[in-house]
Amino acid sequence: MPQFGFSTQQVHGGVAEQREHGARVAPLHLSAGFVFDDFDQAQGRFAGEVDGYSYTRLGNPTTAATERRIALLEGGAEALLVGTGQAAVTVAVLALLQAGDHLVSMNSIYEGSRNLFVQNFGRLGITVSFVEDAGDLQQWADAIRPNTRLLFGETIPNPKNDLLDVARVAEVAHAHGLPLVVDNTLATPYLLRPIEYGADVVVHSASKFLAGHGTALGGAIVDAGTFDWAASERPSAALVERDALTGGPSFVERHGRRAFMAYARDVVAARLGPAPAPFNAFLIQQGIETLSLRVDRQSASALAVARWLETREEVESVDYAGLDSSPYAELARRTLPRGQGSVFAFTLRGGLPAARRFCEAAQLFSHMTHLGDVRSLILHPASTTHAHRTEQQLRDGGIGPGLLRLSIGVEDVADLVADLEHCFASLPQDAPALAVVS
Ligand SMILES: *Cc1c(COP(=O)(O)O)cnc(C)c1O
């Protein structure tokens, strides 16, 4: 469906090739395995020479329909759905790096990814360098070493909204023969398609905006299908070396520009086993059908709430890329014209005591960790998602004791503002005067 717009594709894209019994919605195939028609078909499926399904860890028609839809919406060649966003990051990186390899990441990525790189990959002999100022291209270039295998960034990092300039970082990556992997969870392909700006691989937590309903976890890896893995001057061993299992031709020799996805799917995901439940793949597919509608509403409401928060004297600052006051306003206007998403932070002058009261006073906002839900959410990062960080790291990251993260849902914006008014009213009236700003 080449010529249709985004909202048409999110509903019609990737539908099953065969429509069983005329079912209009892609059916849910809750089956661990799939019966072979005959001996030769079984052999052919195992050899990867005959299309079709054999076992749900390796592929499932419901999951495949969701994968086709996500690939289409991101403008990629192919997608792989896995059980969570963390699994998507894990599989993407482990398809390209092995012990002794190195990656360069922006510093403000999702804490779970950051901790995965440091704590888990560190134990596997994979090292990471974090770029402090992702807008400074020299820092990216300086961090690249002979054993670097990829650059990693996020389109809209949370909670500070310090946007990544995908096009410029992709240029640095490609100048060094490296792929750029971008986590596009908070922008969604409706607001920004990193592949159009030069990213080679896109990852998602489908648990967030793609699903939207907050009922299922999932993760996706999308391959642009354009990176020349064979020509890279810093090639990934798993793709260019002889196949470790068969001793035969490498993945690049067998699959060309599909080498990354073939290895990620058939070796990394198939063996480590983060297959999504088909039921969750089905739920994510249902969520995607309303993605543009939700993200339009959520972005507009987030902008309204952010502007209103800027007028409150109890608020020291608001970090939302959609505001003119944001250092990323110009980049946002250029690359996020449809909206700037619905996850952002604001800092209360009253510090930790004010933040505690504010969270506990919320009634319509749910006090929980999750993002991109149809319901509005509030969280205090310094004591939760970022609690393991040192005081210095928190200060460097701009995550003060009074900072609160919001994820704006699809509720009426007047009701959201009323709930926040009520939270402000719960603060001690002299809170601004008592401010202890670190
Ligand atoms: C939530 C999130 C993840 C991890 O996804 P899970 O589905 O929770 O495993 C990764 N990246 C970003 C940007 C996220 O918000």
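A polar contact, as I use the term today, is a pair of N or O atoms within 3.5 Å; within protein, one of them must be able to donate a hydrogen and the other to accept it, and residues adjacent in sequence count only if both atoms are side-chain atoms. The model is predicted, so local features need pLDDT of at least 70 and side-chain atom pairs count only at pLDDT 80 or more, while totals for chains, interfaces and linings use all residues. Residues are numbered from 1 along each chain as its sequence is written, and side-chain values use heavy atoms, with hydrogens and water left out.

Let me start with the ligand. An N or O atom in the side chain of Ser205 is 2.8 Å from one of its oxygen atoms, and a polar side-chain atom of Asp183 lies 2.7 Å from a ligand nitrogen. Gln86 takes part through its backbone, with an N or O atom 2.9 Å from a ligand oxygen. Of the 380 Å² of accessible area (Shrake-Rupley, 1.4 Å probe) that the ligand has on its own, the protein covers 92%.

Which of its residues are buried, meaning under 20% relative accessible area with a 1.4 Å probe and protein chains only? They are Gly351, Ala354, Ala355, Phe358, Cys359 and Ala361.

How values were computed:
Buried < 20%, exposed > 50% of the residue type's maximum accessible area, 1.4 Å probe, protein only. Helix = DSSP H or I, 4+ residues; strand = E, 2+ residues; numbered from the N terminus.
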